[in-house]
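Please consider the predicted model shown below. The paragraphs that follow lead from its sheets and helices to the contact between its chains.

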Amino acid sequence: MAGGKDGDEKYLVIFQPSGCRGYIPKGKTLKEASVALGVDLEGVCGEKAICGTCKVRIEEGNFEKYGIKSSRENLSAMGMTEKKFFNLRQQQEGYRLACQTHILGNVVIFVPEESRMGKQVVRKAATNRPMKVNPAVKKYYVELPKATLDHNVGDWERLQSELSKKFNLSHLMIDYEVLLDLQDMVREGEWKVTVSVWQGKEIIKIEPGSVEKAYGLAVDVGTSTVAGYLCDLTDGSVVTTASMMNPQVVYGEDVMSRISYTMTNPKGLEILNNAIVDGLNGIVAEVAAAAKIKRTDIVDMTLVGNTCMHHIFLNVNPRYIGLSPFPPALHHSLDIKARDWGLKMPPEIETTDKGTYPPCQVACPAGINGQDFLYLIAQGKFNEALEVVRLAFPFAGVLGRICTHPCESECERGKVEEPLSIRSLHRFVADVERKAWRAKATPVERTRGERIAIVGSGPSGLACAYELVRRGYPVTVFESAPKAGGMMRYGIPEYRLPKEVLDDEISYIEELGVEIKTNTPVKSAEDLFKQGYKAVYVATGAWTSQKIGVPGEESEGVIYALDFLTKVNSGEKVKLGNKVAVIGGGSVAIDAARLSRRLGAQEVHLICLESTDLTCKDRMPAQDLEIEQAKEEGVVIHPCLGIRKILAEKGKVVGLETIQCTSVINEEGRFAPEFGEGEAPTILTDMVIVAIGQRPAEKDFVDVERNPSQTIKIDEITFETNLKGVFAGGDVASGPANAVKAIAAGKEAATSIEFYLAGMDLKTARPAPPKRIEEVPKEGVEKEPRKVMPVIPLEKRMSFDEVEIGFDQESATQESKRCLNCSIYAQKEVAEGMECRNLGIRINPGSYVHVLPIEAGFVGADNVGVLIAETPYNQDSIELVIDIGTNGELILGNRERLISASCATGPAFEGAEMKFGMRAAPGAIEKIVIDKETKEVRFKVIDKDQWNTELPPEEVRAKGICGSGIIDVVPQLFLAGIIDKTGRFKKDVHTPRLRETDGQMEFVIAWAKETSIGQDIVICQNDVRAIQLAKGAMYAGSKILMKTLGVEKLDKVILAGAFGSYIDKQSAALLGLFPDVPLDKVYSVGNAAGDGARMALLDVDKRKEADHYARRVDYIELTLVPEFEKTFVQAMWIPNMKDKFPNLAHLLPETN
Amino acid sequence: MATEERTKEILRELHHAVTNFEEEDAVKWAKIALEEGVDPFVATMDGLADGMIEAGEKYNRKEYFVPELLMCADALYAGLNLLKPAIEASGRKSEVKGSIVLGVVEGDVHDIGKNLVKLMFEVAGWTVYDLGKDVPLDKFVEEMIKTDSQVVGISALMTTSMLSMPEVVKRLREKNPKVRIMLGGAPLTPEVAEKYGADGYAKTAGTAVDEAIRLLKMLKEEEAKK
C-alpha cells in the first residue's frame, strides 16, 4: 500500500531471486528490509559502508504482477561514501549498497550472486538412468597426405577425400568459420587433425592432432532454476553439473508475469533474453572450469524448457502464449548455431563484469576510473567527469599538472600511435570548474564518532583525510608549516603549479569538513592519543636533503634543492650567482634548474649520472616533457657524469670536477652507479644546487620504528607501523616518490584505519587489486595523433607564469574521444578464437544448440524431456507422470494413447506467495512432522543433519519453509486434527501453537528462538488455502485426464520436477496431489526434464523419438472441460471431497 | 399460519441449512415453510439468502473456502427451487437492488472466481448479466448499453490477460461516463485497479457486493448534488 496515515507510510519491497517481499516503513534501509524479510544479504562491516559486500541492483520498470513500478527514484540518492564502491557503469545499471539506501517508494531489488550469503540449493542433480550413447557430434581422427608440388589439391578437398575413404563420410559440409581455421589447424597438427562432425553432415570443429574426448552440455531451463549437465559424449557420463536461479526471476516469478513484463516494458523481451543467455553462458563457463576444459571443447548442446522459457530463449515473442488459446510460435525442434543467438544482443546489454579493468585504471596508483572520466568529457559532461576524478582524489587540478601519469604509459592507444593525454584532461576538467566558479562543497555528515589525526598536509595526508571525511569521520590534519600542501606547495614551482589551483583544492577538502591546523608540529603519536584521537596517520614526507658526500660540499655557494625551492615558494628572496650548476636528474633537479633561470642565472648547467636517451635503462628519472622544456629554456644538460669534487677558492664554490658514469642501474634493477676513467669535464660555476634526493627528518615521531634510511617501517599492504592505531605512508615511509603514489598510500591507509576502527581484519577484508584487461583489439582503429599541450612562448618563460596553457574545450573533447574504451572488453569475457565476436552461447561457435520440440500451449520442451526420459509410450501400465514446478504438467497413458495437460499451480509449491515460504536454501524447513497428541512439531532444516528437537534452539536457525516442507505441512496439520478436511483451522484445538493474528488463524511451526529471523515461522489460513488451490488443480487435472482416457485407476504415479525427488510420497498422497494409488507404485524420479535433455544430447535417436512422440501426445485444455470446475472444487478438500483412497485408508482418520 | 416463534425457527433452520451446506435440510425446511404458510419471500430472503450472506462472510474470514461456498450455494438453490414458484404465484415482485454486467476478460478462461461473484450478487438481489469467460472487449460495452446497467465487473486471473483491462475501462467510459467499474481476480490489487482507471476493487466474492453497493451510493450522491 503506497501511502497510509501520516508517518506510517509503507512500501512494497521485493527481493529477487529469493522472492522475499513485504511492506517496509518509509525511510528504512534496504539492508533493514532484507533482515525483516529474511533475505540473505552479505554485510560484514555492520552497515557502515566499509566492506561494500551488500551490493544490490535496483530493477526498473512496470511489474504488473505486483502492481508496482519499480524505480531508482524510489530510493534515497547515492551519497559520496557509497559512490566510491561503484564505477559509472554500475551506477548506470542501478547498483547500490543496501545498507546506505533508504526506501522512499516501491522497489524490486536484485541481489547478485556475490552478495548472497546462503547460496541457493538447487535440487536438480543428475540421476542414474541408463542411457544409450550415440551422440549427434562425433569426432574423427584423420591423417592427411602432405601438400606437395605434385599433389597440391586444396586442404578441404584433401580432408574430404580422407574422411570419405576412412569413415565413409561423404557429402560433408563445413561451417564457414571452421573453414577459415582449416589451413592453420592442418599445419599445426602436421597434417593430422580431429574433426567434429554433426549429424554426419557438417564439420563444426577442427582440432590439430588426435583428440578423443568430446563434450556436450544438456540444459534444463526451468522457470525458477536452470541446470546444466556437462556430459562426456564418448561414454555418456556426467562430468559435472552446474545450476543457478533463473536470472529472469527478478522480472517475474511465474511465466505469466514474465510474459506481461515483455508486454509492458520496452525492450522487455531483449532484457529477458539477455538474462537467460548470460545465465547459460555462466553455466557454460562454470562447467568448463570445473571440468578443466575450454568452453570451446563443448561441441554439442541440448535445451529443454517450458514453452515460455523456450520462446524467450529463442527471442521469440511470447505474448500469444500468454493468452487463451495459448498457441506457441512453433512446435518443432530446432537446431541453431550457438553463435547465432548473440547477434540480436544490443551492445549496451553486454555488460557482465568479469573483474578486469582498463589498463589506465589499473596503472593509476590512485585508481582513477579513466574510462568513465574520458567518456564523460567526450559527452561534454565536464563537471560529471570531475566528479569521477573526485571519487578517487581531490586533486584533479594539481595532479592534472604534476602527475607522473603512469596511466599514459599503459594506455592501449599508445599501441596505435600515442597514448591519450589523460593527465592534461584531469587538469582541463578542474580548470573548467575553477574558472567558472566553484560552489562551496557541502560538508559531509559526520556519522562516525572516532576522531582521526593526520600528521602532515602533503598529498598523502590530505588524500587520507579526504577519504576519511567522506566516510563520515571527524578528521584533523596537523601541519608544521604555515600553509597546507606539503611538497605540492613548497616543492613545486609556481610556473608548473599555480598556488591558486592548490589553494582551491585544499579549500574543497576543508569545506567537506576536514580541519587543518597549520603551524602545529606533532612530536609523537602518544600526544595525539592523549588528546582523544583514535587513529593516527603519519605522512610527514621526506624533507631532509641527501648530501652528496664529496670534498668541497661545505663550501659557500653549495645549497640543497629542497631548501632552495621551499624558500622561493614561500616568497623569500634568494640570491643566485650567474652560473648555477644543479646536480641531479630528477624532477626536483629540473625544477631547481628552471627556477634558477627564472631568478636570473645566466647559465644553468644540470649534471646528472643518468642518460638523456630516454629509452635506455639509465634514463633521467625526470619526465620527458619537463626535460624538453628545461632545454628550451636554456638549461644545459650534462648527462652521464658523476661529481668527483666541488672546487672552491677561499671557501667559495668555483667549479665542479666530474667523472664519467658508465652505468646507473645494475642488472638487478638497483641504483648502483659505476664510474669510468674516461675524460670528464670540469664545469665552472659560482653556485651549486644539490638535488640528489631527500629522506625523512629524524626529529619527529621517536616512538615509531624506522628503517636504516630513516623511513618509517610499515606493513606494505596495510601501512601499519609498529604502534597500534598508527599508520604511516607517503614519502616518510616509502622514501621520495611522487604525488600520485603518496595519494595512493593515503587512500590505502584510510581503508586500513576504517577497518581497524571497525575491528575488521586489515588484510583479508581488503578488496583484491584490480586485474588488467589482457587484450584490446585495435583492428580498424584509425590513427589520430595526440593533442599537443599548448605552452606559453619562450620569451615569456622567464616569468613565473604557468608554462602549460591547458587544453581548450574542443581539444579536450577531441582528445578524450581517442579513448579506445577498453572497458568494453572488461565487461565480457574475451574468449578464444572467433568467439569474442559471437556473443551467443559460448561453446564451440560452430556447434548447434538443439532445442527440443513443444507439445502444445504450456506443455513445453521440458515436458518432452520428461516424456523421452520416462517413455510411457513404451509401457503397458497406465502411468501418470506429474512434473511439479511453478507450472505443473501431466502426462497420462501408455503405449496405446498418451494425453497431457497443464495446470497453473502457481508458485506456492516453490515457496512463493506463502507467509514464510522460501526456495530451497540453507535454513529452509524441508520436513515437518506434527505429533497427533501433543501437537508438537518436529522439523528438519536443509543444512542440518539433526531435527530441531535434537538441537539447542539457537542452533536450529530456520528461516522459512520450502517446497517439500510445504507439501508435508498440510497433511500433518490434517492428521493431527488441527485443520479439518476443508482446510479450516479448528479453533477448539488447544495448543499455544494455534492462535489468531490479525483476524487470521495460524499455527506455529518454529518458535522465534529456533529461527534466524527472530520471529515465529507460521502457517496461516491463507497459506493453507494457497496449497489447496495448487494441489486441487493438480488433482483435478489428473482426474480429468483419467476420465478422458477412460481409466478408473492408476497403475503408477511418477513424480518428476526439481524437487520431485525430495517430496515425501506419503505426504503428497495424503495431501491429495494425485488420485489413489498404492504407495509403492509412486516413484520420485527427480529432474526428468533434465534427464531428457541429457538423453537427447547423448543419443540422436532420442531426438527423433522426441519429435515423434511430442506430436502424438494429445493435449487437453482443462478449462474447456465442463466438469473441470466441479472436479477442481472437490479436489481442494483434504485429500478430496468425494473420491476415496483405499490405499491410504490405514493412515486417514476414520471420519474421512 | 405458523406462530411467530415457529416462523423464526423455520427461518433459522433454512439459514443453517445453507451455512452448513445441507442440501437435503434446505429442501426439507423449504417444504415445511410452504406447508406451514410462511411467506415464501420472507423464507427466501431472511432464511436462505441470509444464510448465504453469512457464508460469504465466513469466506471473507477464510473460514470457508471455494468448495464450501459453492456447496452453500447448492443448498441455497435447492431451497430456492421450491420457494421461487410460490413467490411468483403470489405475484410479489422482489425489489431489484441494481444490475451488473459481469465477465472474464478476453484471452482468459478462468471463471470460478467470477462465478462466485455472480452468485453473491444474485443472493443480494441484483440482476446479473453474465457474459462468461474470454469476453471480447467490446462485448462489455454492448452489454452495458443494452441492459442499461450501472455497474460493470471485470475479472482476470492471469497477469497477461489483466493487461487489456485498462482498454475495456476506457471504452466503457467513452460510452457511459457515469458507469461504475469494478475489477477483480487473483493478479489484481487495489493499486492496480486504481491505475487501470476502475472505480472499485474487491478481493473476494464476499466483499464484491458491498463494493458494488458503495459505488452505487457514490453515484447517487453525485447525482443528488447536481
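Two strands are taken to pair if DSSP finds at least two bridges between them. Strands (E, at least two residues) and helices (H or I, at least four) are DSSP runs, numbered from the N terminus. This is a predicted model, in which local features need pLDDT of at least 70 and side-chain atom pairs count only at pLDDT 80 or more, whereas totals for chains, interfaces and linings use all residues. Residues are numbered from 1 along each chain as its sequence is written, and chains are lettered from A and ligands numbered from 1 in the order in which they are written.

Chain A contains 33 helices and 47 strands. A residue is called buried if 20 or more other C-beta atoms, placed from the backbone, lie within 10 Å of its own, exposed if 12 or fewer do, and partly exposed in between. By this criterion, 51% of the 1152 residues in chain A are buried. Two residues are in contact if their C-beta atoms, placed from the backbone, lie within 7 Å. Of the contacts in chain A between residues at least 6 apart in sequence, 72% join residues at least 24 apart.

One sheet of chain A is open and parallel, with 5 strands in the order E20-E19-E18-E21-E33. Strand E20 (515–517) and strand E33 (726–728) of chain A stand at its edges; each has a single partner strand, so one side of each lacks a neighbour in the sheet. From one strand to the next, the twist averages 20 degrees; axes are lines fitted to C-alpha atoms, for helices over the stretch in contact, and angles run from 0 to 180 degrees between N-to-C directions. Within this sheet, strand E18 (residues 452–455) and strand E19 (residues 475–478) of chain A run parallel and are joined by 4 bridges, and A:Ile454 stands opposite A:Val477 in E19(A). Helix H15 (residues 459–470) of chain A packs on the sheet, where it touches E18, E19 and strand E21 (535–538) of chain A, and its direction makes about 170 degrees with that of E19(A). Helix H23 (residues 739–758) of chain A lies across E18, E21 and E33 of chain A, at about 165 degrees to E21(A).

A second open sheet of chain A has 6 strands in the order E46-E45-E36-E37-E38-E47, with mixed pairing. Its edge strands, strand E46 (1082–1086) and strand E47 (1114–1115) of chain A, each pair on one side only. Strand E36 (residues 879–883) and strand E45 (residues 1052–1056) of chain A run parallel, joined by 5 bridges; the bridge partner of A:Glu879 in E45(A) is A:Lys1052. Helix H29 (residues 1021–1045) of chain A packs on this sheet, touching E36, strand E37 (888–893) and strand E38 (898–903) of chain A, and its direction makes about 155 degrees with that of E38(A).

Strand E43 (residues 1000–1006) of chain A has 5 of its 7 residues buried, so it is largely enclosed by the rest of the structure. Strand E42 (residues 994–997) of chain A pairs with E43(A) in the antiparallel sense over 4 bridges, and A:Thr997 has A:Gln1000 in E43(A) as its bridge partner. The hairpin of E42(A) and E43(A) has 2 residues between the strands, and there A:Asp998 takes a positive phi near 50 degrees. E43(A) also pairs in the antiparallel sense with strand E44 (residues 1017–1020) of chain A, over 4 bridges; here A:Glu1002 stands opposite A:Cys1020 in E44(A).

In chain B, helix H7 (residues 165–175) has the buried residues B:Met165, B:Val168, B:Val169 and B:Leu172. These lie on the same side of H7(B) because they cover an arc of only 100 degrees around the axis, the arc being that of the directions from the helix axis to the C-beta atoms. Exposed residues B:Lys170 and B:Glu174 are carried on the face of H7(B) turned away from the buried side. The cover over the buried residues of H7(B) includes helix H6 (137–147), strand E3 (151–155) and strand E4 (180–184) of chain B.

B:His15 belongs to helix H1 (residues 4–19) of chain B and is buried, with 22 other C-beta atoms within 10 Å. Not counting residues up to four places away in sequence, B:His15 touches B:Gly47, B:Asp50 and B:Gly51.

Finally, the two chains meet: 25 residues of chain B are in contact with 29 residues of chain A. Helix H4 (66–89) and helix H8 (190–195) of chain B are the elements that give two or more residues to the side of chain B that touches chain A, and H4(B) gives the most, with 4 residues.
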